Amino acid sequence: VIEQYNLGRTLLEAGQAQQAASVLAGACDMACTHGLNEIMPTVYMNLGMALHRLSDFDQAFKAMQVANRFFRTQGNLPGEAFSYDALAGIYDELGRHEEAERIWRYALAVYDSITNPDLADVREAGRADIQAKLDRLGKGRTFRGDRM
């Protein structure tokens, strides 16, 4: 599965979205078949990005939802926030800026909920990255709030 995932990421970075989607879908199937839940959300996130690049937004959104649910179930707050960030990026690229802003603000709330001192740098880096994206949208009001 790792080899397929790595190949899919390489193809995605090389701009070969169709091939990447095919390889990543295979990696998702293999991960499901073998119960490899730890890698599953990452593979689904990348499948979502490949599908987005193929302009298949509905399937991209579904893949991102699967990734997000896995991260949430695992209690992986950085992964959960990152999956929201990726989804917001898709909305932003589609010109759906209000939806992107809403999701980025939710991602900020997820980052805020990270209390483990060992992950303080992850929390602050994630917050800074998302805040910069909100600033770019012209909506850069600092936000600290509850998770939805």
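1. Glu 80 lies in helix H5, which covers residues 77–93. Helices here are DSSP runs of H or I with at least four residues, numbered from the N terminus. Glu 80 is buried, with a relative accessible area of 1%. Buried means under 20% relative accessible area, exposed means over 50%, and partly exposed is in between, for a 1.4 Å probe and protein chains only. The side chain of Glu 80 makes a polar contact of 3.4 Å with the side chain of Arg 72. A polar contact is a pair of N or O atoms within 3.5 Å; within protein, one must be able to donate a hydrogen and the other to accept it, and residues adjacent in sequence count only if both atoms are side-chain atoms.

2. A word on the basis of these values. The model is predicted, so local features need pLDDT of at least 70 and side-chain atom pairs count only at pLDDT 80 or more, while totals for chains, interfaces and linings use all residues. Residues are numbered from 1 along each chain as its sequence is written, and side-chain values use heavy atoms, with hydrogens and water left out.

3. Helix H1 runs over residues 2–13, twelve residues in total. From its first C-alpha to its last, H1 reaches 16 Å, close to the 16 Å expected at 1.5 Å a residue. The expected span is 1.5 Å times one less than the number of residues. After H1 comes Gly 15, with a positive phi near 80°.

4. Which residues of H1 are buried? They are Tyr 5, Gly 8, Leu 11 and Leu 12. Seen down the axis of H1, these buried residues fall within an arc of 125°, so they line one face of the helix. The arc is that of the directions from the helix axis to the C-beta atoms. As background, an α-helix has 3.6 residues a turn, so residues three or four places apart point the same way. On the other side of H1, Glu 3, Thr 10 and Glu 13 are exposed. The buried residues of H1 pack against helix H2 (17–33) and helix H3 (40–53).

5. Val 43 is placed in helix H3 and counts as buried, at 0% relative accessibility. Leaving aside neighbours within four places in sequence, Val 43 is in contact with Tyr 5, Leu 24, Ala 27 and Cys 28. Contact means heavy atoms within 4.5 Å. The C-alpha atoms of Val 43 and Phe 71 are separated by 12 Å, and the two residues are 28 residues apart along the chain.

6. How many disulfides does a search of the whole structure find? It finds zero. A disulfide is a pair of cysteine sulfur atoms within 2.5 Å. For Cys 28, the closest cysteine sulfur is in Cys 32, 6.6 Å away, which is too far for a bond. Cys 28 counts as buried at 3% relative accessibility, whereas Cys 32 counts as partly exposed at 42%.

7. The structure holds four aromatic pairs. Rings of Phe, Tyr and Trp (its six-membered ring) pair if their centres lie within 6.5 Å; planes under 30 degrees apart count as stacked, over 60 as edge-to-face and the rest as tilted. One of the pairs is Phe 61 with Tyr 91, which is edge-to-face at 6.4 Å centre to centre, with 70° between the planes. This pair links distant parts of the chain: Phe 61 in helix H4 (residues 57–74) and Tyr 91 in helix H5, 30 residues apart. Phe 61 is partly exposed, with a relative accessible area of 25%, while Tyr 91 counts as buried at 8%.

8. Tyr 84 and Tyr 106 also form an edge-to-face pair, 4.7 Å centre to centre and with 85° between the planes. Tyr 84 is in helix H5 and Tyr 106 in helix H6 (residues 97–112), 22 residues apart. Is this pair buried or exposed? Both Tyr 84 and Tyr 106 are buried.

9. Ser 55 lies in the loop between H3 and H4. Its phi is near 65°, a positive value in a residue other than glycine. Ser 55 is exposed, with a relative accessible area of 68%.

10. Val 122 is found in helix H7 (residues 120–137) and is partly exposed, with a relative accessible area of 31%. Not counting residues up to four places away in sequence, Val 122 touches Pro 78 and Tyr 111.

Technical notes:
Helix = DSSP H or I, 4+ residues; strand = E, 2+ residues; numbered from the N terminus.
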